[in-house]
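Please report on the predicted model shown below.

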There are 2 protein chains.
Amino acid sequence: MRLSTKGRYAVTAMLDLALNGTEGPVTLADISENQGISLSYLEQLFASLRGKGLVRGVRGPGGGYYLGRPADEISIADVICAVDEWVEFTRCNPRPSSADTQRGMTHSLWDDLSQQIYDFLTGITLADLVRRGMARTGGSDDAGKAAELLGLNNQAA
Amino acid sequence: MRLSTKGRYAVTAMLDLALNGTEGPVTLADISENQGISLSYLEQLFASLRGKGLVRGVRGPGGGYYLGRPADEISIADVICAVDEWVEFTRCNPRPSSADTQRGMTHSLWDDLSQQIYDFLTGITLADLVRRGMARTGGSDDAGKAAELLGLNNQAA
DNA sequence: GTATTACCAACTAAAGTACTGGGTTTTATC
DNA sequence: GATAAAACCCAGTACTTTAGTTGGTAATAC
């Protein structure tokens, strides 16, 4: 599991789509300005996201990006895995020396942890974040409007 | 929150101390061989860990490193924060344009997520990982022995 | 047709990763 | 006291990743 600023860019951009994509596609130029990320870097990120079906691009004037699936069917793990290569480092050279069994021990413990983090992030969707953020702000702003349109208020956690 | 191979190195090294530090200090040379990490890079990591009091060094022949606290009082978040600078990127320039409120929205949603991940990792200790790994392997190996010495078997999750 | 947008690819500056190599201190042991 | 084992320290450096720049092509609404 890997988590860096790249993953954060991707998640916040996806949140941007979730919040602002209710009335039409969102352009990368908008996101670029909103988030302060360069347009071309966003293009790179969205190429990965599109490859995993997490976003859908619409060309031409008035075009932009939509979420590829409903916001409650896209987990944080989905987004992060799309851009932040899931470095699986169980490089278990089959050489069962005593030093190696020790290495295998700590590595398998790490794998357990890695799996726990993954499961945790799989359980959180974009919709969850929007809903929780709304609960904090009172739901009277853009997020609230977007959430209504997304039907988030009718769902259980 | 940041999570990279650097954090993984630190966690596995700390697990090494938890597993092997029951009968005396563990040398960096041992860890270097066990984990396949260069000695000098380990020194850098342990300089950070020592700075946060997570490990305690013993100089001279027969020396090495101990955990700075009991394994059930060191969380994964502690270890990762020590080496993987907690990049807090709430660079909120106080410029409340409409674009900025939008940016603030997604950023605060990210901060919520970041906090959730942090809380999650704060709730997992080195002792937890050793105990769970043991449950998987049956507890009849080195981990089991170490866990007995650490008194892990008498604790609740 | 033209402007707008997604899409594509090569190059590059800056930062982070992991290692190399040279030290110095401390301290147990002979 | 000499020796050696270990922590501790620091400057440099090859490599990778990050993030951005530039310069395009393809689709499409108007």
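Is Ser75(A) buried or exposed? Ser75(A) has a relative accessible area of 6%. The cut-off for a buried residue is under 20%. Ser75(A) is therefore buried. Its place in the chain is the loop between S2 and helix H4 (76-83) of chain A. Beyond its neighbours within four places in sequence, Ser75(A) is in contact with Leu121(A), Thr122(A), Ile124(A) and Thr125(A).

**Chain B against chain A**

Here 45 residues of chain B are in contact with 45 residues of chain A. About 4200 Å² is buried between the two chains, and carbon and sulfur atoms give 63% of that area. On the chain B side, Leu3(B), Arg8(B) and Trp110(B) lose the most area to chain A. Together they account for 16% of what that side buries.

Polar links come next. Five residue pairs are in polar contact between chain B and chain A, counting pairs with both residues at pLDDT 80 or more. The count of salt bridges between these chains is zero.

Five helices of chain B each give two or more residues to the side that touches chain A: H1 (5-20), H2 (28-35), H5 (98-122), H6 (126-137) and H7 (142-150). H5(B) supplies the largest share, 15 residues. By type, this side of chain B holds 20 nonpolar, 14 polar and eleven charged residues.

**DNA strand C**

The protein places 28 residues around DNA strand C. Those that come nearest are Glu43(A), Tyr65(A), Thr5(B), Ser40(B) and Gln44(B). The residues of this surface divide into nine nonpolar, twelve polar and seven charged.

| Residue | Protein atom | Atom of DNA strand C | Distance |
|---|---|---|---|
| Leu28(A) | backbone N or O | phosphate oxygen | 3.0 Å |
| Gln44(B) | side-chain N or O | base nitrogen | 2.7 Å |
| Arg59(B) | polar side-chain atom | sugar or linking oxygen | 2.9 Å |

Which elements give two or more residues to the surface near DNA strand C? From chain A they are helix H3 (39-51), strand S1 (55-58) and strand S2 (64-67). From chain B they are H1 and helix H3 (39-51). H1 of chain B also gives two or more residues to the side that touches chain A.

Key: Residues are numbered from 1 along each chain as its sequence is written. Chains are lettered from A and ligands numbered from 1 in the order in which they are written. This is a predicted model: local features need pLDDT of at least 70, side-chain atom pairs count only at pLDDT 80 or more; totals for chains, interfaces and linings use all residues. Side-chain values use heavy atoms; hydrogens and water are left out. Contact means heavy atoms within 4.5 Å. Buried area is the accessible area (1.4 Å probe) that two parts lose on being put together, summed over both. A salt bridge is a side-chain nitrogen of Lys or Arg within 4 Å of a carboxyl oxygen of Asp or Glu. A polar contact is a pair of N or O atoms within 3.5 Å; within protein, one must be able to donate a hydrogen and the other to accept it, and residues adjacent in sequence count only if both atoms are side-chain atoms. Helices (H or I, at least four residues) and strands (E, at least two) are DSSP runs, numbered from the N terminus. Ala, Val, Leu, Ile, Met, Phe, Trp, Tyr, Cys and Pro count as nonpolar, Asp, Glu, Lys and Arg as charged, and the others, Gly among them, as polar. A residue is near a molecule or strand if one of its heavy atoms lies within 4 Å of it. Buried means under 20% relative accessible area, exposed over 50%, partly exposed in between (1.4 Å probe, protein chains only).
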